[in-house]
Amino acid sequence: MAVQTAAGTTIGIVAGPPATFDAAGYTALVFATIGEITDGGQHGRTYAEVTHNPVATRGTQKFKGSFNEGNKTLQLALDDEDTGQIAAKAALNSDANFSFKVEYPDGAIDYFQAKVMAFTKSTSGVDTVVSGTIELSITTTKTGIGIIEVPAV
């Protein structure tokens, strides 16, 4: 992937998991685009650091421990008629994982499972639109599959 702007990136949501946790499984789903996103946030795997300090050498050895796919915060203008925002509000009241798709301008895609942990509203001031924040908590499958990255073709 060459350097690109974020302009044109879309984020979609659909209830439930794919039949298989790979590109083919996710491609079979029909995602509703979450409209009016002004900031798509960040996501990606982070490992816990595990340290070991043998008394004989005094040096700290470092290892990778568990990983976490992280959280993703979406900033948006509220639109009560937007099907993606309606789906995200429904997901807020569910304990289930929902499927998400982040599609970049070059055609690369990230797929993942997440729970919608918050959907808040903001009325900052007279010169702003009524906005909102959606908090996603990205999870992995029982077998450790998290974010599926599909490169642009």
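Predicted model: local features only at pLDDT ≥ 70, side-chain atom pairs only at ≥ 80, totals over all residues.
Q: How many bridges join E6 to strand E9, and in which sense do the two run?

A: Two strands count as paired when at least two bridges are found between them. Here seven bridges join E6 to E9 (residues 131–139), and the two run antiparallel.

Q: Which sense does the pairing of strand E3 and strand E6 have?

A: Strand E3 (residues 37–39) pairs with strand E6 (residues 71–77) in the antiparallel sense, over two bridges. Asp39 stands opposite Gln75 in E6.

Q: Which residues lie nearest the centre of the largest pocket?

A: Of the 17 residues that line this pocket, Thr9, Thr10, Ile11, Ile37 and Gly40 lie nearest its centre. The space in the pocket is about 250 Å³. E3 gives the largest share of the lining, three residues, and strand E1 (10–15) supplies at least two. By class, the lining has six nonpolar, eight polar and three charged residues.

Q: How many aromatic pairs are there?

A: Rings pair if their centres lie within 6.5 Å, and planes under 30 degrees apart count as stacked. The count comes to five pairs. Phe100 and Phe112 are stacked, because their planes are 15° apart, with 5.6 Å centre to centre. Phe100 lies in strand E7 (residues 98–103) and Phe112 in strand E8 (residues 109–122), twelve residues apart. Both residues are buried. Phe21, Tyr26, Phe31 and Tyr111 form one aromatic cluster.

Q: Which ring does Lys64 lie over?

A: Lys64 lies over the face of Tyr47, at 4.3 Å from the ring centre. The charged end of Lys89 sits over the ring of Phe119, 5.4 Å from its centre.

Note on methods
Residues numbered from 1 in each chain as written. Heavy atoms only, no water. Helix = DSSP H or I, 4+ residues; strand = E, 2+ residues; numbered from the N terminus. 1 Å grid on protein atoms, 1.4 Å probe; cavity = no way out; pocket = protein on both sides within 12 Å on 5 of 7 lines; lining within 4 Å. Points joined across faces, edges and corners; volume = space filled by probe spheres on them. Nonpolar A, V, L, I, M, F, W, Y, C, P; charged D, E, K, R; others polar. Phe/Tyr/Trp six-rings, centres within 6.5 Å; stacked < 30°, edge-to-face > 60°. Buried < 20%, exposed > 50% of the residue type's maximum accessible area, 1.4 Å probe, protein only. Lys NZ or Arg CZ within 6 Å of the ring centre and 35° of its normal.
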